[in-house]
Every structure is written in C-alpha cells, then in structure tokens.
Amino acid sequence: MNLELSNKNAVVTGGSKGIGRSIALNLANEGCNVALCARGKESLEKTKNELLKTGVKVFTSVCDVGNKNQLDEFLENSKKTLGSIDILVNNVSALRFGDEEQDWEASINLDLLASVRATKKVVPWMIDQGGGNILFISSISGLESGSPPSYAAVKAALISYSKTLSTQLAPNNIRVNTIAPGSIEFEGGLWDQMKQNNREFYDMALASVPSGRLGTPDEIGKVAAFLVSPCASWITGACISVDGGQHRFNL
C-alpha cells in the first residue's frame, strides 16, 4: 500500500532504538523525511545511517527530552532543517517500573511532560500549515491494572491526553492517536534482558500472549506509519492495541 507519505516531514522522539527506530525506518521507507533525537550518540548515528540509505532527508540531535530547553532546540532545528513538521511521534519513555518518588518523577517528566511540551510546541506550526498528525506511544499497561504504578499511570495519562487533544484539534485538521504496544522484544531491549536475566518473568509474559510470541518493533512501526498517513484520514482519538491479543479487557 502506498501510504502517501512521500516528502512529508516527521519528528520521532527516542528514535534511535527499538520502537522509535522502527517507526522512523517505516516512515523513511514511505519517503518521509525524519528528525530523530535520543540521548545516546552512537545508536543515534547508527540509525541515522540506516535512514539515509532510503534516500530521505534526515536530521538527528543528541537530546534529553526531559530538559525543556534541549527539547525546544531540537524541535526548532528539526523544523528549520526539514522545512515543516507534519508528523510528531511522542515515543520517549523513562521505562521506570518502581514505586518510589524518583520513579514517579522520571516517568512523569519523560513519558508525560516531554510529550505534552513537544505537542504544545508543534501544534501552532501544524495549525499554521493547515494540519498534521500527532501520535503517542503508550502501552497496554495504561489500559488495565497489574503493571508497576508509575509506569501504568503515565501511560494511561497519555491515552487520556491524546483523546482530549483529538477533539480539540480536529477542526484544525490535526489528527491525534495512540498506540498501546504489548510486550515487544528486540536485541538489548527490556524483554531481551528479561529473557537472559529473569527467565521466569519472561516466560510469564510470553504465556500471557495468545499469539504465542512477543511482538517486534517493526510490527509497531508499520501500524504507526499507517496511522499518521492519509490512508487513516478518518481515524482520530483512537488507542490501537498492538499486542497479539495480550490485552484482554473489552475497552
């Protein structure tokens, strides 16, 4: 399917590894120019080189999105380099699973506030240019109980924020959606580490997936590329679970 993304311009936060990287690659393969940020320079450069092979324009910057000034600078430079921001993918996560105050602070600052700040920054640009797409990467942990409190709470907040924004921004031709991934496995990622260091917990997660395996970043990336494309023009305010049936609740 041609997703009609050629020459569009996208920003993906936390785009050097895992889900963020796969979203960026899927967008680039559809002809979309991409701006990425991450805290790790080495992995960011590696992903940049992969993206350049597709022939699109690529901008990358080492950035801690939890730092408002760094985030503002990254977004300003992304717009300056690419010319516009048609798509914003808020993907960064602190991946904090504790219940101490520092876990809450990290989750709120990186998962939630960084996404809110980035969105507030780009929305006026999207309004001025006549429309755009915003996508939040949440988790099925935000849809049901049972996950670590700080992580689940901010993921639920992203879903709620996305839904509210979708109704506010629809008159401006800006669509807002959320993806809630299930357990996603990739080299060096959380579930890869669990597989090596906590096999009992890994097997418990695996057993919870009716499809019989954990997901891949590319399976999230493909859904993301569709959701921000004109092919999904009548989808806004949706939270799409991509989880192999792992999420069991009706809503």
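Is C32 buried or exposed? C32 is buried, at 0% relative accessibility. Buried means under 20% relative accessible area, exposed means over 50%, and partly exposed lies in between, using a 1.4 Å probe and protein chains only.

Before I go on, a word on the model. This is a predicted model, where local features need pLDDT of at least 70, side-chain atom pairs count only at pLDDT 80 or more, and totals for chains, interfaces and linings use all residues. Residues are numbered from 1 along each chain as its sequence is written, and side-chain values use heavy atoms, with hydrogens and water left out.

Back to the cysteines. A disulfide is a pair of cysteine sulfur atoms within 2.5 Å. By that rule, the count is zero disulfides. Take C32: the closest cysteine sulfur is in C231, 13 Å away, and that is too far for a bond. Another cysteine, C239, is partly exposed, with a relative accessible area of 28%.

Now the sheet. Helices (H or I, at least four residues) and strands (E, at least two) are DSSP runs, numbered from the N terminus. Two strands pair if DSSP finds at least two bridges between them. In general, strands of a sheet pair through backbone hydrogen bonds, either parallel or antiparallel.

What is the strand order here? Seven strands form an open sheet in the order β3-β2-β1-β4-β5-β6-β7, and the pairing is parallel. The edges are β3 (58-62) and β7 (239-242). Each has a single partner strand, so one side of each has no neighbour in the sheet. From one strand to the next, the twist averages 15°. Axes here are lines fitted to C-alpha atoms, for helices over the stretch in contact, and angles run from 0 to 180 degrees between N-to-C directions.

Helix α2 lies across β2 (33-38) and β3, and runs at about 180° to β3.

Next, look at β4, residues 87-90. In a regular strand the side chains alternate between the two faces of the sheet. In β4, I87 and V89 are on one side, L88 and N90 are on the other, and all are buried. So which strands does β4 pair with? Strand β1 (residues 9-13) pairs with β4 in the parallel sense, over three bridges. A10 stands opposite I87, and V11 has L88 as its bridge partner. Strand β5 (residues 132-137) also runs parallel to β4, joined by four bridges. There, L88 has I134 as its bridge partner. To get from β4 to β5, the chain crosses through helix α4 (residues 101-129), and this β-α-β crossover is right-handed. Right-handed means this: with the strands pointing away from the viewer, the path from the first strand over the helix to the second runs clockwise.

On to charges. Side chains of opposite charge can pair when their charged atoms come close. A salt bridge is a side-chain nitrogen of Lys or Arg within 4 Å of a carboxyl oxygen of Asp or Glu. How many are there in the whole structure? The search finds nine salt bridges.

Here are some of them. D111 and K155 meet in a salt bridge, at 3.1 Å from N to O. D111 lies in helix α4 and K155 in helix α5 (residues 149-169), so the pair ties together parts 44 residues apart in sequence. D111 is buried, at 1% relative accessibility. K155 is buried too, with a relative accessible area of 2%.

Now R199 and D203. Their closest N and O atoms are 2.9 Å apart. Both residues lie in helix α7 (residues 199-207), four residues apart, about one turn of the helix. R199 is partly exposed at 42%, and D203 is partly exposed at 35%.

Then there is E219 with R213, whose closest N and O atoms are 2.6 Å apart. E219 is partly exposed at 29%, and R213 is partly exposed at 43%.

Last stop: L95. Where is L95 found? L95 sits in the loop between β4 and α4. L95 is partly exposed, with a relative accessible area of 45%. Contact means heavy atoms within 4.5 Å. Leaving aside neighbours within four places in sequence, L95 is in contact with D111 and Y151. That is the D111 whose side chain meets K155 in a salt bridge. As for E50, L95 is 45 residues away in sequence, and 25 Å away in space, C-alpha to C-alpha.
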